[in-house]
Structure formats: structure tokens, C-alpha cells
Amino acid sequence: MMPLHRAAEDLLPLRPVVFHVLLSLADGERHGYAIVQDIGERASARLRLEPGNLYRHLKFMLDDGLIEESDRRPVQGKEDERRRYYRITRFGRQVALAEASRLEALAGEARTRLLARSQGRS
């Protein structure tokens, strides 16, 4: 369970896997395999998740209040009843936004420094 009055920035920087899972869940609830597929389909992810690695991260994210398990269950006979669905929490969305801002600032600084350096040596 997440401690009260925790700031999103306290969890930064996020591990890439955690950030990609939060991005995947930003569109709606998904089960583990659907999360893996979504991350794999995104060209920017360049990340391949093994099931054990995913579920270790999901446990961490549940414990930190970034995601929660959904009450949604598959229709009997249509899907595997053991599947668990996850959704992003309000806190998880705040953390993902904070990480996106951090990455944008870092990328901007990198561009500025690299361009200044390359223009100085031309």
C-alpha cells in the first residue's frame, strides 16, 4: 500500500519497464500478456519483457500504488479465467507525467549541449 502524502517525484527516475507499463495502461485496463504485446508493438519501446520480469514489476507497481488490479474478469469460456487485469491509478498517472516531463527536460538539455558543442567545432 502506498504511503500517504507521497510525491510523484519521489519515485523518479522510473525504470524503463515501469514507465512503459504505465504508458500501456494509460489507454485502459489490460492483462499481463496484453501489456507485453502493447509494449512490443510500440517502436519507441525497444523493450522485450519476459513474463517473470513483468510480474515482478507489476508487484512493485501494485505495492507503490501506481496500478491496481481491476475487478474485471473474462467471460467464462471466452478467456483464461486466471488472467488478472490492471489499471493505472491517479497516482500512477501523476508519476508517469512527472517522468515524461523529466525525460523531456533531459532530452532538451542534451540537444542544447550537443548542438552547442558541434557548432563550436565546425
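**Entry 1. Overall layout**

I began with the model itself, which is predicted. I counted the secondary structure of the chain and found four helices and three strands. Reading along the sequence, I noted the order α-β-α-α-β-β-α. I then looked up burial across the chain: of its 122 residues, 33% are buried. I also looked up how far apart in sequence the contacting residues lie. Among contacts with a separation of 6 or more, 60% join residues 24 or more positions apart.

**Entry 2. Helix α1**

I turned to helix α1, which spans residues 16–25. Is α1 mostly covered or mostly open? I found α1 mostly covered, with eight of its ten residues buried. The buried residues are V17, V18, F19, H20, V21, L22, S24 and L25.

**Entry 3. α1 against α2**

I next asked at what angle α1 and α2 pack. The angle is about 105°, and the axes of α1 and α2 (residues 32–41) lie 9 Å apart. The two helices are therefore roughly perpendicular, since angles of 65 to 115 degrees fall in that class. I listed the residues that meet: H20, V21, S24 and L25 on the α1 side, and I35, D38 and I39 on the α2 side. Sorted by class, this contact holds four nonpolar, two polar and one charged residues.

**Entry 4. The largest nonpolar core**

I looked up the largest nonpolar core and found 23 residues in it. Which of them touch the most other members? They are V21, L22, I35, L66 and I67. I then checked which elements supply this core: α1, α2, α3 (51–63), β3 (85–88) and α4 (90–120) each give at least two residues. Helix α1 gives the most, with six residues.

L22 is in contact with L14, M61, L66, I67, I88, G92 and A96. Of these partners, L66 and I67 are also named among the core residues that touch the most other members.

**Entry 5. Salt bridges**

I counted eleven salt bridges in the structure. I recorded three pairs in detail.

- E99 and R102: their side chains meet in a salt bridge at 2.8 Å, N to O. Both residues lie in helix α4, three residues apart, about one turn of the helix. Residues three or four places apart in an α-helix point the same way, because the helix has 3.6 residues a turn. Is E99 buried or exposed? E99 is buried, because its relative accessible area of 2% is under the 20% cut-off. R102 is partly exposed at 29%.
- D27 and R30: their side chains form a salt bridge at 3.8 Å, N to O. D27 counts as exposed, with 64% relative accessibility.
- E69 and R84: the closest N and O atoms of this salt bridge are 3.4 Å apart. I noted that the pair links distant parts of the chain, 15 residues apart, with E69 in strand β2 (residues 67–69) and R84 in the loop between β2 and β3. E69 is partly exposed, with a relative accessible area of 33%, and R84 is partly exposed as well, at 34%.

Key:
Residues numbered from 1 in each chain as written. Predicted model: local features only at pLDDT ≥ 70, side-chain atom pairs only at ≥ 80, totals over all residues. Heavy atoms only, no water. Axes fitted to C-alpha atoms, helices over the stretch in contact; angles between N-to-C directions. Parallel < 35°, antiparallel > 145°, perpendicular 65-115°, else oblique. Contact = heavy atoms within 4.5 Å. Nonpolar A, V, L, I, M, F, W, Y, C, P; charged D, E, K, R; others polar. Core = buried A, V, L, I, M, F, W, Y, C linked by side-chain atoms within 4.5 Å. Buried < 20%, exposed > 50% of the residue type's maximum accessible area, 1.4 Å probe, protein only. Salt bridge = Lys/Arg side-chain N within 4 Å of Asp/Glu carboxyl O.
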